[in-house]
Amino acid sequence: MGSSTAAAYANLRTFPTRLQSVQSSASSSPPYLPLIRPFVSSVKTSLNSTVSLTSSKSRTCYYRSNWKVKSSMAEISSERKEHKKEIFETEEVLSVALAKYTADLSEKFVKERGAFTVVLSGGSLIKSLRKLVEAPYVASIDWAKWYVFWVDERVVPKDHPDSNYKLAYDGFLSKVPIPSGQVYAINDSLPAEGAADDYETCLKHLVNTNVLAVSTASGFPKFDLQLLGMGPDGHVASLFPGHPLVNEKERWVTFIKDSPKPPPERITFTFPVINSSAYIALVVVGAGKSEVVGKALGNEKSSNLLPVQMVSPEDEMIWFLDKEAASKL
C-alpha cells in the first residue's frame, strides 16, 4: 500500500450520511473511502425523530425516535424455510452465476425503488464477486444506486489486514463507481460497543430517509440483498455457535469482545436484521467446509442449530456451492 493511500485510510474514521456531501481534504484519497461526517446541528426526520451530528472527535450520530420493534415477529422462526441450493463444478463457474444473480437483483430493485441496498461479508466472498467488475456487468450495472454495508466488521483500523472494509475495497469497491457517500464502513475510532451503537444509529437514520426499507413483518431494516459467507464452524457474520449473541432479538447491531476467531473485538448484525432481508446469497466454497454444509443441509434433525441454519430471509435464500463444498451432501 502506498504511503498516500495508507494516510487516506488512517484519516477516515467514520462512515458517511446522506445529509451533506463533503470532499476529502486528501486529494490522493481512494475514491470509495467513506467521507468524514460534517457538522450538522440537527435534522428532523419523517418518523418524529431527531438526528444530531456533532463535531466532536468521535462524530457520533445521536438518535431518538418512536421506533417499536414488533417483538412477536422478532423471534427467529423455529420452522425452517426450504432454501434453494445451486452446486457448481468449480468456483469460477460459481462466480459467474453469482455475478448474474446480483446484477439481476440490482436491476430489479433499482426499477422498483430507485436504490439497491447490499450487505457484504468478509472472507472468500469478496473474491467470488470478481466477475461484477468485469464485462458486461461493470458497465451495465447502475452503480450510482448502490448502498453498501457490512454484516460484520472487525474493530481494527480500515487499513489493517483484518479489516473487512479493506478486503472489500481492495478486491471490489475500488473497481466500481459506487459513490463514496454510499459506502457505510464502521467508525473504527470507537471501541466495539460504541462502534456497534454508532452503526445501528446510522442505519436507523437511513430508514428514516427511505434509503433502507423496513420489514412490515418484523419492524427491522429490510436490506435488498445480503451476500454472506460461512465459517468452517458454521458461523455467519460474527455470530458463532453457542455464543449468547445468536439469541439477541432486540438490537440491530451488536458487538462481541470474545470472538473465538481472532481478532476478538467485532461488531455484527443480529439475526433479526439478517432474516429481515429480502434476498440472501450464501456463498460457500472449498472442501474444508463440506462437513458443515452436509450437516446444515442434511436431513439430520437437531435442537442445537448451527448459526448458518438459523439464516432465513423473508423472500429467498440460495446456497451457492462449488462441488467441493457440496461433496458431503
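Both faces of strand β10 are covered, with Leu225 and Leu227 buried on one side and Gln226 and Leu228 buried on the other, where buried denotes under 20% relative accessible area, exposed over 50%, and partly exposed the range in between (1.4 Å probe, protein chains only). Helices (H or I, at least four residues) and strands (E, at least two) are DSSP runs, numbered from the N terminus. The structure is a predicted model, in which local features need pLDDT of at least 70 and side-chain atom pairs count only at pLDDT 80 or more, whereas totals for chains, interfaces and linings use all residues. Residues are numbered from 1 along each chain as its sequence is written, and side-chain values use heavy atoms, with hydrogens and water left out.

The predictor's confidence in each residue is expressed as pLDDT, from 0 to 100; its mean over the protein is 82, and 75% of the residues reach 70 or more. Over residues 1-80 the pLDDT stays under 50, and for this stretch the model has 183 contacts beyond four places in sequence, a contact being heavy atoms within 4.5 Å.

Strand β10 (225-228) is joined to β5 (residues 116-120) by 2 bridges, and these two strands run parallel; two strands are taken to pair if DSSP finds at least two bridges between them. Within this pairing, valine 118 stands opposite leucine 225 of β10. Strand β13 (residues 279-284) is likewise parallel to β10, to which 4 bridges join it, and here glutamine 226 stands opposite isoleucine 280.

A further set of 3 strands forms an open sheet in the order β7-β12-β11, with antiparallel pairing. Strands β7 (152-154) and β11 (253-256) stand at the edges, each with a single partner strand, so that one side of each is left without a neighbour in the sheet. The twist from one strand to the next averages 20°, the axes being lines fitted to C-alpha atoms, for helices over the stretch in contact, and the angles running from 0 to 180 degrees between N-to-C directions. Strand β12 (residues 266-269) pairs with β11 over 4 bridges in the antiparallel sense, and isoleucine 267 in β12 is the bridge partner of phenylalanine 255. Helix α7 (residues 192-208) packs on the sheet and touches both β11 and β12, its direction making about 165° with that of β11.

Arginine 251 is partly exposed, at a relative accessible area of 23%, whereas glutamate 200 is buried, at 7%. Tryptophan 252 is also placed in the loop between β10 and β11 and is buried, with a relative accessible area of 2%; its C-alpha lies 9.2 Å from that of threonine 201, although the two residues are 51 residues apart in sequence.

A search of the whole structure finds 20 salt bridges. One of them brings together the side chains of arginine 130 and glutamate 92 at 2.8 Å, N to O. Arginine 130 lies in the loop between α4 (125-128) and α5 (137-140) and glutamate 92 in helix α3 (residues 91-113), so the pair ties together parts that are 38 residues apart in sequence. Glutamate 92 is partly exposed, with a relative accessible area of 37%, and both residues belong to a network of salt bridges that links Glu91, Glu92, Arg130, Lys131 and Glu134. Lysine 100 forms a salt bridge with aspartate 104, the closest N and O atoms being 2.7 Å apart; these residues are 4 apart in helix α3 and hence separated by about one helical turn. Both are partly exposed, lysine 100 at 45% relative accessibility and aspartate 104 at 37%.

Lysine 222, found in strand β9 (residues 221-222), has its side chain joined to that of glutamate 314 by a polar contact of 3.2 Å. A polar contact is a pair of N or O atoms within 3.5 Å; within protein, one must be able to donate a hydrogen and the other to accept it, and residues adjacent in sequence count only if both atoms are side-chain atoms. When residues up to four places away in sequence are not counted, lysine 222 touches residues including Thr117, Ser276 and Asp315.

Conventions: Salt bridge = Lys/Arg side-chain N within 4 Å of Asp/Glu carboxyl O.
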